Amino acid sequence: MATIHIDETRPLGRIAPEIYGHFSEHLGRCIYEGIFVKPDSGIPNVNGMRCDVVEALKEIRVPVLRWPGGCFADEYHWKDGVGPLEGRKRMVNTHWGGVVEDNSFGTHEFFELCRQLGCKTYVNGNVGSGTVQEMSEWVEYMTFDGVSPMAQLREANGHKAPWRVDYFGVGNENWGCGGNMTPAYYANLYRRYQTYVRQYRHDAPIRKICGGPNVDDLKWTKKVLKTCFAHPHPEGAHGFMDGLSLHYYVHPGGWQNKGSATDFTEEEWYTTMEKALYMEELIRLHGDVMDKYDPEKKIGLIVDEWGSWYDVEPGTNPGFLYQQSTMRDAVIAAVTLNIFNNHCDRVKMACIAQMVNVLQAVLLTEGEKMVKTPTWHVFRMYRDHQGAQVLPVTAEGIGTVGGKQMPAVQASASKMESGGITVTAANLSMTESQTVRLSLKASRPEKASGVLLAGGARAHNTFDNPEAVVERPLSLTLDGDGVELVLPPCGVASVRLG
């Protein structure tokens, strides 16, 4: 039997709700068809936003949404996406499928979507092909409250009041698709560009996100921090930045041949789990570098692109990155979110890639139909972690699986203001059930309830069978100071104690 010990007497820090954030890019059918439809499409919508999609996203309490990219951000010119639709500039989306982008979803539409979701806003600016003036004017357009050229343009386009920009990313993947820059070159550009991300609203300051490393590129992290971090600094103890981004995708077959989303072997399953667990090592590696400059952990590690990445579904546009989502992806999500919870002292925001119809999407759409993927269910099961205090978790009697040095069961726990404790756990074995005991240090749970997400490793929801994988009640046994449960193979559980 595996035992997970939870110390409810020693909360370690608050889990930022933004850790459960999402990412929407002008890529494939993420925005167009997935989120945004024409008012006369026949699909129920409010101001173009699909009602079914918005309601499903509200159910998992989306805390923050990142837009417009991704690689698209560094070829996006915001003025092309404002004003009357008939006057908006059309362009070729060179990164994603070579399709025509008509810019019908732009700044106003993004803020309308976030209004409907009730979430914070994370806007990515263009450093790769944009100018300082362009970025500066966009910030003015979005946030200035008063008389100015961009504020007047915003009002002329139908929105008098300024919006709130909670986070602003200065470029994206500038080591790659955002300009193929060296860390020294980007770091100096960042210092320059972020200067003009003006704080026009003192009641709603913009948190600036610096473009960080790809996977384990510690040289990038070291050089960028050395160039950009200043302490003390007239703008605050954070120097020039509030966050440093990190991107990491799980592709078990390698970058060139990522493998199928639904047809995989047992060996590929365990390779996938091993790569998902590597997120913890990445946080430690980059966190160690950040600690040298920022030991108080005031700069957040912002994992604003993460998730699984497989070969596209047969017959779909290779540039649209459309893939199915199975229980394998549910376990990836569970493992990753547990890691973020347990490292919430450094990880302050994360955005799964992507929200709808792209990569590890939480929702899939086809015409008027919508499917909630197993990953969506994990986000629903984990939603009570948002804003709660993370609790120390230690494991005993947890073996290894797949012939690799990885735990059979992985978990995190948190305590809500109401006093209730949420424990989430994943079984990394593809074939074996795990009996698990949850043990509290200083109290005895008076009641316990839980839900389980399980099915075969390849189980997934389709438009013909949208509820093949759904949450079901979890059988629990209260015993002394703990709770006992059985986690099926590749199962994910969420338990409420107290």
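## Basis of the model

The model is predicted: local features need pLDDT of at least 70, side-chain atom pairs count only at pLDDT 80 or more, and totals for chains, interfaces and linings use all residues. Residues are numbered from 1 along each chain as its sequence is written, and side-chain values use heavy atoms, with hydrogens and water left out.

## Overall build

The protein chain holds nine helices and 26 strands. Helices (H or I, at least four residues) and strands (E, at least two) are DSSP runs, numbered from the N terminus. The radius of gyration of the protein chain is 22 Å, close to the 23 Å that the globule rule gives for 498 residues, so the chain is as compact as a globular protein of that length. This radius is taken over C-alpha atoms, and the globule rule is 2.2 Å times the number of residues to the power 0.38.

Along the principal axes, the C-alpha atoms of the protein chain fill a box of roughly 65 × 55 × 45 Å. Of the 498 residues, 59% count as buried. Buried means under 20% relative accessible area, exposed over 50%, and partly exposed in between (1.4 Å probe, protein chains only). Take the contacts between residues at least 6 apart in sequence: 76% of them join residues at least 24 apart. Contact means heavy atoms within 4.5 Å.

## Helices α1 and α2

Helix α1 covers residues 51–59 and helix α2 covers residues 107–117. They pack at an angle of about 55°, with their axes 9 Å apart. Axes are lines fitted to C-alpha atoms, for helices over the stretch in contact, and angles run from 0 to 180 degrees between N-to-C directions. The two helices are therefore oblique to each other. Angles under 35 degrees count as roughly parallel, over 145 as roughly antiparallel, 65 to 115 as roughly perpendicular and the rest as oblique.

V54, L57 and K58 of α1 meet L113, Q116 and L117 of α2. The residues of this contact divide into four nonpolar, one polar and one charged. Ala, Val, Leu, Ile, Met, Phe, Trp, Tyr, Cys and Pro count as nonpolar, Asp, Glu, Lys and Arg as charged, and the others, Gly among them, as polar.

## Helix α3

Helix α3 runs over residues 132–143. At 1.5 Å a residue, its twelve residues should span 16 Å; the end C-alpha atoms are 17 Å apart, which agrees. The expected span is 1.5 Å times one less than the number of residues.

Eleven of the twelve residues of α3 are buried, so the helix is largely enclosed by the rest of the structure. Among the buried residues are E134, W138 and Y141. The buried residues of α3 pack against β6, α2, β9, α4, β10 and α5.

V492 lies in strand β26 (residues 492–497). At 0% relative accessibility, V492 counts as buried. V492 and A425 are 67 residues apart along the chain, yet their C-alpha atoms are separated by 5.8 Å. Leaving out residues up to four places away in sequence, V492 touches residues including A330, M381, A425 and L453.

C351 sits in strand β14 (residues 347–353). C351 is buried, with a relative accessible area of 0%. Its contacts beyond four places in sequence include H22, R66, Y122 and W306. S439 belongs to strand β21 (residues 434–440). At 10% relative accessibility, S439 counts as buried. Beyond four places in sequence, S439 touches T3, I4, H5, I6, D481 and G482.
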